[in-house]
Amino acid sequence: MQNNRIIRLLAILLSETDDDHKLTTNQLIDKLSEEGISVHRNTIASDIEILKEAGYDVICEKSTQNKYFIGKRSFDDAEIKMLCDAVSAAHFITEKQTTELIKKLLKNVSIYTAKRIKPMIQSPTGSKVSDSSIYVADMINYAISNKKQIQFQYFEYNEKKDKILKHNGYIYEVSPYAAVWHEDRYYLIGYSKKHDDIANFRIDRMTNVSVSEENKYVCPKDFDLKEYLSSKIKVFKGKKTEVCLKCKSKHMKAILDYFGYEIKTTNAEKGYFNAIIEIELSPTFYAWIFQFEGDIIIQSPQNAIDDFIKTAEIIIEVHSK
C-alpha cells in the first residue's frame, strides 16, 4: 500500500507541477483521495522525503500551506522541444510512431509545459516511411552485439511506386558493423558477402530481415567507422581520392558541415579558399558540387574534373533533347 501511494504521489507531482504550478498538502491529499488513496497530511511530508532521497527534485515552498513542485527533471523544456522536433523531422519513423514517441517525450514534462510546447513542435515531414526502420535498426544492433550475420532482401521502386525486390529477390548476407543515422536516413554498414567488401544499405529499403543463427561474422580489426563515414558523401560508395576544392568564402560553413573541422584549408585568390578533402568519388559527390552553381570548383585530381565534366555533359545532352 505504501509503495503504491508513493508511486501515485510521484505521478501527480511529475504530471501536475512545475516552477509555475504548485500543489499544497491539502490538494495532494484530495488528488490521492480521488484515486481511492486515503492519507494523512504528515504522511505527505514523509513520503516526499522518501522521493527526495530517491533522487527526485521535489521542492517545498514553505508558507501557511506548504506548496510542492518538481524542480529539475531528466530533460529541460528546451531539450524536450528539440527531441520532439527531431522525431517529427525523421524520415525513417512512421507518422503513427512519430505521434506515439512525441507523447512519450512530453510525459517528461508537466501537463502545462506539454500544452505549451505541443503547438510549437514542427509538423511531420511529408516523406515519412510507411514501415518503420527503428525495429530493423534494433535487430541490427542485436546482431552486432552478438557478432551474428543478418540476412535480408533489398527493394527499390518502379515507375508505379511499386516495391520491386532487387536481383530477383536475392538474399543478402551481411556482417553488420553499425546502424548509422545519416542525413535523416538510417543506413546499415557492414561486410557484404555479395560485394566481398564493406557496403551500405538504406535500412528503410531492407525487408524480410532476420538474424542468422550461423556464426559467420566478419569484421576487420582496423575498421574505423568515423574514418569510413568521413570519406563519403551521403554514405555512397566510390573511389577514395584526395580532392582539392576551390570555394567561395561564403561556403566555408557548407564545407565544414559536410567534411568536419579537421579538414585542411588554405588561402586562395581574394574571396576564395581551398579545401583539401579525402572522399570516395561518386555521382552523389558530383551532385553535391552542382548545387553550388560554380561557387565550389574541383581543382584536382584531373580524373575527378573529367568525371564531373562528363556528368555535366550527360545532363546537358539529356535535357537538350
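**Salt bridges, hairpins and a helix crossing**

Colleague: Which lysine meets the side chain of Glu173 in a salt bridge?

Modeller: Lys193, with 3.7 Å from N to O. A salt bridge here is a side-chain nitrogen of Lys or Arg within 4 Å of a carboxyl oxygen of Asp or Glu.

Colleague: What sort of model is this, and what pLDDT do the features need?

Modeller: A predicted one: local features need pLDDT of at least 70 and side-chain atom pairs count only at pLDDT 80 or more, while totals for chains, interfaces and linings use all residues. Residues are numbered from 1 along each chain as its sequence is written, and side-chain values use heavy atoms, with hydrogens and water left out.

Colleague: Back to Lys193. Buried or exposed?

Modeller: Lys193 counts as exposed, because its relative accessibility is 53%. The classes are buried under 20% relative accessible area, exposed over 50% and partly exposed in between, with a 1.4 Å probe and protein chains only.

Colleague: How many salt bridges does the structure hold?

Modeller: It holds 13. One of them joins Glu35 to Arg8, with the closest N and O atoms 2.5 Å apart. That pair also links distant parts of the chain, 27 residues apart: Glu35 is in the loop between α2 and α3 (41-53), and Arg8 is in helix α1. Glu35 is partly exposed at 37% relative accessibility, and Arg8 is partly exposed at 27%.

Colleague: What about Lys81, which residue does it meet?

Modeller: Asp85, in a salt bridge of 2.5 Å from N to O. Both residues are in helix α4 (residues 77-89), four residues apart, which is about one turn of the helix. Lys81 counts as partly exposed, because its relative accessibility is 21%. Asp85, at 15%, counts as buried.

Colleague: New topic. How do β6 and β7 pair?

Modeller: In the antiparallel sense, over eight bridges. Two strands pair if DSSP finds at least two bridges between them. Helices (H or I, at least four residues) and strands (E, at least two) are DSSP runs, numbered from the N terminus. Trp181 has Tyr186 in β7 as its bridge partner. The two strands make a hairpin with two residues between them, and Glu183 in the turn has a positive phi of about 55°.

Colleague: And what does β7 do with β8?

Modeller: β7 and β8 are also antiparallel, over six bridges. Gly190 is bridged to Ala199 in β8. This hairpin has four residues between its strands, and Asp196 in the turn has a positive phi of about 50°.

Colleague: Why is β7 largely enclosed by the rest of the structure?

Modeller: Because six of its eight residues are buried.

Colleague: Now the three-stranded sheet. What is the strand order?

Modeller: β1-β3-β2, with antiparallel pairing, in an open sheet. β1 (23-24) and β2 (58-61) are the edge strands, each pairing on one side only. β1 pairs with β3 (residues 67-70) in the antiparallel sense over two bridges, and Leu23 stands opposite Tyr68 in β3.

Colleague: Which helix lies across those strands?

Modeller: α1 (residues 2-16), which lies across β1, β2 and β3 and runs at about 75° to β3. Axes are lines fitted to C-alpha atoms, for helices over the stretch in contact, and angles run from 0 to 180 degrees between N-to-C directions.

Colleague: At what angle does α1 cross α2?

Modeller: At roughly 115°, with the axes of α1 and α2 (residues 25-34) coming within 10 Å. In α1, Arg5, Arg8, Leu9, Ile12, Leu13 and Glu16 meet Leu28, Lys31 and Leu32 of α2; contact means heavy atoms within 4.5 Å. By class, this contact has five nonpolar, no polar and four charged residues. Ala, Val, Leu, Ile, Met, Phe, Trp, Tyr, Cys and Pro count as nonpolar, Asp, Glu, Lys and Arg as charged, and the others, Gly among them, as polar.

Colleague: Last one. Where is Gln149?

Modeller: In the loop between α7 (134-145) and β4 (150-157). Gln149 counts as buried, because its relative accessibility is 6%. Leaving aside residues up to four places away in sequence, Gln149 touches several residues, including Glu173, Pro176, Lys216 and Tyr217.
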